[in-house]
Amino acid sequence: MANTAEEWQVARRRKRANTRSKPLQVTSASLSCNEALDISKTINRIRDTVSELRRDDFWPDWKGQLLVTSEALSNLPEKGDIEEQLETARADRCQQLQCVCYGLGPFSSCVSARCQLAMLLLLLEAVQIPPKECCIYDPIFSSSEKDVLRELGLTVLAQNEEGKRLVTRPTLFYLMHCGKALYNNLLWKNWSAESLSLMVLIGNSFSGMRERTIEREFNRDYSYISKSVNMSEERQLPCPPHLIDVFSDTAVISFPSDRLNGLPQSTWAESPEPHYKNCPSLEIILKDAQS
């Protein structure tokens, strides 16, 4: 890349226990610093981390919470005969469920990001989502890190979607310590009772975001998160003290159909695309910043 470090200043959420955002300098050097990565050694390190997490006392709680939520998600009736659809859902659950992961971070050099990747692999195994059905993207991945992810069987996205992905089937989103703008974009793109009911998020608590943000700014800049606080259901996930920097403030967030269907139609009437003109420290790497 020809860009200098000064030209690559963007704001991105650090993976910290207090989940507050701080600016991250994303330079051309940082985007390519791991090009000579030992892929085999990196994969072994990730698998060792998976084994460590599997033995940790908090894993059964995470697994149990996700299984309950994903079971309800995969059994959602679609149009047509309800009994037939439920039977199809039970038979084809692993085909139905898919996963999307954004903003994982540089897992080859960051221990927190590697732990979060290992947890993603554990969760995919727990809910029987084949790795190829998990799409993953972070604009700061190096080409070698992308090779590692492909070796693990994951599908690496080619484009920066900025979180603006419309769901068409039950989908688990894994958004560990991502910025509010990414969550807000995802909610905007799926702002209907039908689409939201197909989503489960594993990431930062919406209630926690609201508590840490000035109310006026939260409602103005992140209106879709603000509206979702009362229409979603959050289950806080346990975080052991030795992993506080990795999994703090993490929740399973779902959108129960009965709650969504009980809302007035005016809830969905106006859904303008978010623009963050009043956010000097935007917590997302935009497509424009990469060109």
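Helices (H or I, at least four residues) and strands (E, at least two) are DSSP runs, numbered from the N terminus. With that convention, the chain holds 16 helices and nine strands. The model is a predicted one, in which local features need pLDDT of at least 70 and side-chain atom pairs count only at pLDDT 80 or more, while totals for chains, interfaces and linings use all residues. Residues are numbered from 1 along each chain as its sequence is written, and side-chain values use heavy atoms, with hydrogens and water left out.

View 1. Of the 291 residues of the chain, 53% count as buried, where buried means under 20% relative accessible area, exposed means over 50%, and partly exposed lies in between (1.4 Å probe, protein chains only). Taking a contact as heavy atoms within 4.5 Å, residues 24 or more positions apart account for 74% of the contacts in the chain with a separation of 6 or more.

**View 2. The open sheet of seven strands.** The strands follow the order E5-E4-E3-E6-E7-E9-E8, with mixed pairing, two strands being paired if DSSP finds at least two bridges between them. At the edges stand strand E5 (155-156) and strand E8 (233-236), each of which pairs on one side only. Strands of a sheet pair through backbone hydrogen bonds, either parallel or antiparallel. Strand E3 (residues 98-102) runs parallel to E6, to which it is joined by four bridges; in this pairing Gln-98 has Thr-171 as its bridge partner, and Cys-99 has Leu-172.

**View 3. Strand E6 and its buried side chains.** Five of the five residues of E6 are buried, so the strand is largely enclosed by the rest of the structure. In a regular strand the side chains alternate between the two faces of the sheet. Here Thr-171, Phe-173 and Leu-175 point one way from E6, whereas Leu-172 and Tyr-174 point the other way, and all are buried.

View 4. With strand E6 (residues 171-175), E7 pairs in the parallel sense over five bridges, and Met-199 of E7 stands opposite Thr-171. With strand E9 (residues 250-254), E7 pairs in the antiparallel sense, again over five bridges, and the partner of Leu-201 across this pairing is Ile-253.

View 5. Helix H2 (residues 39-55) has 17 residues and reaches 25 Å from its first C-alpha to its last, close to the 24 Å expected at 1.5 Å a residue, the expected span being 1.5 Å times one less than the number of residues. Thr-42, Ile-43, Ile-46, Thr-49, Val-50 and Leu-53 are buried in H2. Seen down the axis of H2, the buried residues fall within an arc of 120°, so they line one face of the helix, the arc being that of the directions from the helix axis to the C-beta atoms. At the N-terminal end, Asp-38 caps H2 through a side-chain oxygen that lies 3.3 Å from the backbone nitrogen of Ser-40.

**View 6. Ser-226 and Asn-219.** Ser-226 is found in helix H12 (residues 223-228) and is buried, with a relative accessible area of 18%. The side chains of Ser-226 and Asn-219 are joined by a polar contact of 2.6 Å, a polar contact being a pair of N or O atoms within 3.5 Å, of which, within protein, one must be able to donate a hydrogen and the other to accept it, and residues adjacent in sequence count only if both atoms are side-chain atoms.

View 7. Asp-249 lies in the loop between helix H13 (244-247) and E9, and at 19% relative accessibility Asp-249 counts as buried. The phi of Asp-249 is near 60°, a positive value in a residue other than glycine.
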